[in-house]
Amino acid sequence: MLSTADLYDERGEQLQSVSYQLRNFGGHARFSGPVRTIRCFEDNGLVKQVLATPGEGAVLVVDGGGSLRSALMGDLIAASAVTNGWAGVVIFGALRDSQALGGLPLGIKALGTNPRKSSKAGEGEVDGGLTVDGVAFSPGATLTSDEDGILVERY
C-alpha cells in the first residue's frame, strides 16, 4: 500500500484529505478499503450490528457528531469486526478499551476515548453519504489511512 503522502503526490486533487488529527488505536496503522458509513449520536447499536456482518475488506466510517461523552466502539465490537473481515473503522467520536484495541489486527482511528458506554437503541443511518471536516464519505469510495492521515477519493 502506498503511503498517503505518496498517494496524494500521485493523484492530487482526485483525493480529499481529512484535516482532523485522529489518533491511531488499532494494531494496523495502515489500512485501506471501500467506505461504508453510519451516522449516529452517542448510540452504538448500529455500529455493533454492521460490524457483525461480513466486511469484505471495507472501512466503516462512523459520524458520531464529534461527541466524546460516550464510546461508540470497544474491544468486543472491534473483535467482531476482525472476525468478520473489516479492514478498519474510523470514528468521529470516542471509543474505549484502547489498550486492548492496540492488539487487534484492525485499523482503528478515533477522536479520543471515554470509558462510558453509549446507548444501544440502534438510532441513526447506515450507508448514507456523510460529510465530516468538509470531506464527503460516500459508500463505495476508497479510503486510505496511515500514520499521516486519511485520504478519500472524490466520488
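Visitor: In which strand is Thr-113 found?

Guide: Please keep in mind that this is a predicted model. Thr-113 belongs to strand 6, which covers residues 107-113.

Visitor: Is Thr-113 buried, partly exposed or exposed?

Guide: The general idea is that a residue counts as buried under 20% relative accessible area and as exposed over 50%, with partly exposed in between. Thr-113 has a relative accessible area of 39%, so this residue is partly exposed.

Visitor: Where does Ser-70 lie, and is Ser-70 buried or exposed?

Guide: Ser-70 is in the loop that runs between strand 4 (59-63) and helix 3 (75-83). For Ser-70 the relative accessibility is 2%, so the residue counts as buried. Apart from neighbours within four places in sequence, Ser-70 is in contact with Glu-42, Ala-94, Asn-114, Arg-116, Lys-117 and Ser-118.

Visitor: Turning to pockets, what is the volume of the largest pocket, and which residues are the closest to its centre?

Guide: The largest pocket has a volume of about 270 Å³. It is lined by 16 residues, of which Asn-44, Leu-76, Ile-77, Arg-96 and Lys-120 are the closest to the centre. Helix 3 gives the largest share of this lining, with four residues. By class, the lining of the largest pocket consists of seven charged, five nonpolar and four polar residues.

Visitor: How much space lies in the second largest pocket, and which elements each supply at least two residues of its lining?

Guide: The second largest pocket holds about 210 Å³ of space. Its lining also has 16 residues, and those closest to its centre are Val-18, Gln-21, Asp-148, Gly-149 and Ile-150. Helix 1 (4-11) and strand 11 (149-153) each supply at least two lining residues. Here the classes are seven nonpolar, five polar and four charged.

Visitor: How many aromatic pairs are there?

Guide: An aromatic pair is read from the distance between ring centres and the angle between ring planes. The count here is two aromatic pairs. In one of them, Tyr-20 and Phe-92 are edge-to-face, at 6.0 Å centre to centre and 65° between the planes.

Visitor: Why does the pair of Tyr-20 and Phe-92 tie together parts that are 72 residues apart in sequence?

Guide: Tyr-20 lies in the loop between strand 1 (15-17) and strand 2 (23-24), whereas Phe-92 lies in strand 5 (residues 88-95), so the pair joins parts that are 72 residues apart. Tyr-20 is partly exposed at 40% relative accessibility, while Phe-92 is buried at 2%.

Visitor: What is the geometry of the rings of Phe-92 and Phe-137?

Guide: Their centres are 5.8 Å apart and their planes meet at 55°, so this pair is tilted. It links strand 5, which holds Phe-92, with strand 9 (residues 135-137), which holds Phe-137, across 45 residues. Both Phe-92 and Phe-137 are buried. Through ring pairs, Tyr-20, Phe-92 and Phe-137 are linked into a cluster.

Notes:
Residues are numbered from 1 along each chain as its sequence is written. This is a predicted model: local features need pLDDT of at least 70, side-chain atom pairs count only at pLDDT 80 or more; totals for chains, interfaces and linings use all residues. Side-chain values use heavy atoms; hydrogens and water are left out. Buried means under 20% relative accessible area, exposed over 50%, partly exposed in between (1.4 Å probe, protein chains only). Contact means heavy atoms within 4.5 Å. On a 1 Å grid over the protein atoms alone, a cavity is a set of points where a 1.4 Å probe fits but cannot get out, and a pocket is an open set with protein on both sides within 12 Å along at least five of seven lines; lining residues have an atom within 4 Å of a point. Grid points are joined across faces, edges and corners, and a volume is the space filled by probe spheres set on the points. Ala, Val, Leu, Ile, Met, Phe, Trp, Tyr, Cys and Pro count as nonpolar, Asp, Glu, Lys and Arg as charged, and the others, Gly among them, as polar. Rings of Phe, Tyr and Trp (its six-membered ring) pair if their centres lie within 6.5 Å; planes under 30 degrees apart count as stacked, over 60 as edge-to-face and the rest as tilted.
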